[in-house]
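Have a look at the structure first.

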Amino acid sequence: MSVRDVNAWFGHVQALYDISIEIPANQVTAIIGPSGCGKSTFVRCLNRMHETIPGARVSGSVMIGNLDIYGNGTSPVLVRRRVGMVFQKANPFPTMSIYDNVAAGLKLNGIHNHRELDEVVEHALRMAALWEEVKDQLTKRSGASLSGGQQQRLCIARALAVQPEVLLMDEPCSALDPISTAKIEELIFELRSQYTIVIVTHNMQQAARVADSTGFFLLGKLVEFDSTEKIFTMPSDKRTEDYITGRFG
Amino acid sequence: MSSILDRAKLFRPRTDTKQVFPAKTTAVVPFSKVRVTGAVSPVPDYVFRYLMVVCALSVLAIVALILFELVIESRLSLHAFGWKFFGSQVWDPVTGDFGALPFIYGTLVSSLLALVMAVPLAVGLAIYLTEMCPSWLRGPLAFTTDLLAAIPSVIYGLWAIFMLVPLLRHYVEPWLAASFGWTGLFEGAPYGVGMLAAGVILAIMVIPIISSITREVLIAVPRHQREAALALGATRWEMIQLGVLRNARAGIFGAVILGLGRALGETMAVTMVIGNRTVIAKSLFAPGYTMASVLANEFTEATGDLYLSALVEIGLVLLILTLVVNALARVLVWSVTRGTPVSSHAQ
Amino acid sequence: MHNNYLQKTFSWKRIIADRLATLGAILAALLVLTPLVAILVYLVIRGASALNWDFLTHAPKPVGETGGGMGNAIIGSALILGISSLIGIPLGIGAGIYLSEYGHGRLSTLVRFIADVLNGVPSIVMGIAVYALVVVPQRHFSALAGGVALGIMMIPTITRATEEMLLMVPRSIREAALALGVAEWRSVILVTLRTALPGVITGIMLAFARVAGETAPLLFTAFGNQFWNLKLNQPTAALPLQIYTYAISPFDEWHRQAWAGALVLIAIIMGTVLVVRLIAARGVMKGSA
């Protein structure tokens, strides 16, 4: 994924300033930074979710392969099928069963063939490491009746079922306990061979554990972007160093 | 610099991944061929949004149409009578002379009479429910008053004819004539049907609305107002007066006005018990006629364009009156339940 | 000195006032309940005696003859209410969806205000307006006109309920659907509306209960009919209308039937209200099965 000169606004307030990044494929990229620095906003620009907020605006270009997702005539709906998202707070559809939740991306778009859906649901749940736990209760339990960690894995399965090329994760573990967090980090590590993953996190150890590359954001600007090892051991920018050593944020 | 190196030790990315994340046997099975395909055009979104806008606009169109029709159809009468319409007591289909005064009088008097009876009861009930009622009783009692609101007008009327009117005729009205006849309000033969009956049944119908809005308003008064009054050593009733009613005044007033709005437009029950005679009388025992009742009774039998037009004009007047009253009520209630409550002076 | 001051302000008058006020409030509550109980009891007693199978299945007999029933009025009401639902529900839900999902400007404030205004239109005035709009061009009274009048009256209630319920659906649910690459219109109907559906249905049923008992708007639209009618463009009997006609008549037999009709009507309305309460009590968002 190639991000060039992206700016984003909430109404008149600018939130992102001239962000340019090359996000490497089939790797995990972490976005870190203090609260309010624009991490979430940036990531939401990658799947055209930022513009769903009334009054919000984006300029610049984001390329996936040959497609500029902000190009004229590019449908945001198509973009979101290629770039999936998992949110900070797990948001399974409360009126749907586990099966329907995972299949939602397909069912809501008109695919109803049961056998095909069965296949997809099972595969997605296996990849999200949730299959063993819920395989007997797929249609009997509602998506919202699972525990927090399970719900988040359900959301991951749901996102995977649509077979995106890129998976965005906006602080996926911040609302979870350490054990669930560990499971999800495991998951991320396994998935990276098949997907490009961008994960926003305020937890630096998590970034260090999981990510291949890391970008540090501050006040809407990208300060530094490099391999994780380099960022954490020898940051080139003083601000990065300050943040990592905990002098602020 | 050394601190960074120290931190580096903590943050060294794990190269010994095999130990931390043991490889699972997720066989690299090719994911299903099932994909969501197909071009996505923005057209269905536009169409859908357009449809919703149409629905919303239809609401505007309907109200506009209603007003338009009423004004158009009453043109004849407006032209023929002008302002005299509201001052004339004559309602004579034969000669073609129409005046709305008896109906306006009837509507206003019956509604005000209803309010006089309903407001103390409704507000008292609301106070009881919010401030005094034991909590196990609150739900059932509130539910029952809401049930009152669900009873259709025609059933109220039916009950009024067969139970209320005889009651009035045989017990209440003679007693009133005997005890309060000197006021001039209770003269004439007690037939049961008449202004008093209309007032009573309207009161019963209007109590649930006034009560439920008052309840909302009372609940909206913040807790600390009550606590402040209690902390000063007030009894419960004093606390209610000082801490609650004072703040909710505007809202209660609004609830009452809403009840008035409902009473003004009420048709069936009133028509069934008011006697339906175009007279203006001081006595509450006398029959009367309201705007809604004359419409109900005479609209389908109106001969001649002027007659019909006069009736439509009455309908127009009723509509405008009701709309103004309702708007006033909404503003009053809104001022208490939303935004900051009416300011209170610590007293 | 402290004690003396307290003793001075602690007067019996205040306690008596407090007790009287409490008594007054309880009295108010009782006085309000009495008519309700009286009505329902009276209704059941008088109505039950006249209610029988004939009543439900036959049309009225000519004046003076005993027997007959309100079967045609029940069916007529069903027909009229069916038409009103076809008109009121789509428009109401549509306007509600607009207000909650698409309306963020002055138009939506206006629509909300006007919907409230529409709610306050006296039902008899509504009857006049629909008479002018539908009956006059058609040249006869009709079930359609009655359905239009009642349908319009359903709109404000349904709109408000739909808007409120949709607004209660958390943003995160909508975002989840959009992030999956679902088109907005599908997301609104299949996800947002579906989540809010129990509440919306409650609103619809409340609107239904309200218009089911309305008589005034039908006086000059559906007009009533002594016979069975299923045609849309003919005058049609309706339960509240029939009750009214019978109640003000001088015939005892008809009075009896009026009570029976009232009992049926109240049963339908109360039944609807009770179902609404049950749905509300079970909570708005239940999981599947």
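## Before we start

A residue counts as buried if 20 or more other C-beta atoms, placed from the backbone, lie within 10 Å of its own; 12 or fewer makes it exposed, and in between is partly exposed. Strands (E, at least two residues) and helices (H or I, at least four) are DSSP runs numbered from the N terminus.

This is a predicted model: local features need pLDDT of at least 70, side-chain atom pairs count only at pLDDT 80 or more, and totals for chains, interfaces and linings use all residues. Residues are numbered from 1 along each chain as its sequence is written, with chains lettered from A and ligands numbered from 1 in the order in which they are written.

## A strand in chain A

Strand S9 (residues 213-218) of chain A has 6 of its 6 residues buried, so it is largely enclosed by the rest of the structure. A:Ser213, A:Gly215 and A:Phe217 point one way, A:Thr214, A:Phe216 and A:Leu218 the other.

Strands pair if DSSP finds at least two bridges between them. S9(A) runs parallel to S3 (residues 28-32) of chain A, with 4 bridges, and A:Thr214 partners A:Ala30. With S10 (residues 221-227) of chain A it's antiparallel, with 6 bridges.

Contact means C-beta atoms, placed from the backbone, within 7 Å. Chains C and B put in 68 residues each. On the chain C side, helix H2 (residues 12-50) of chain C gives the largest share, 19 residues.

Key. Contact = placed C-beta atoms within 7 Å.
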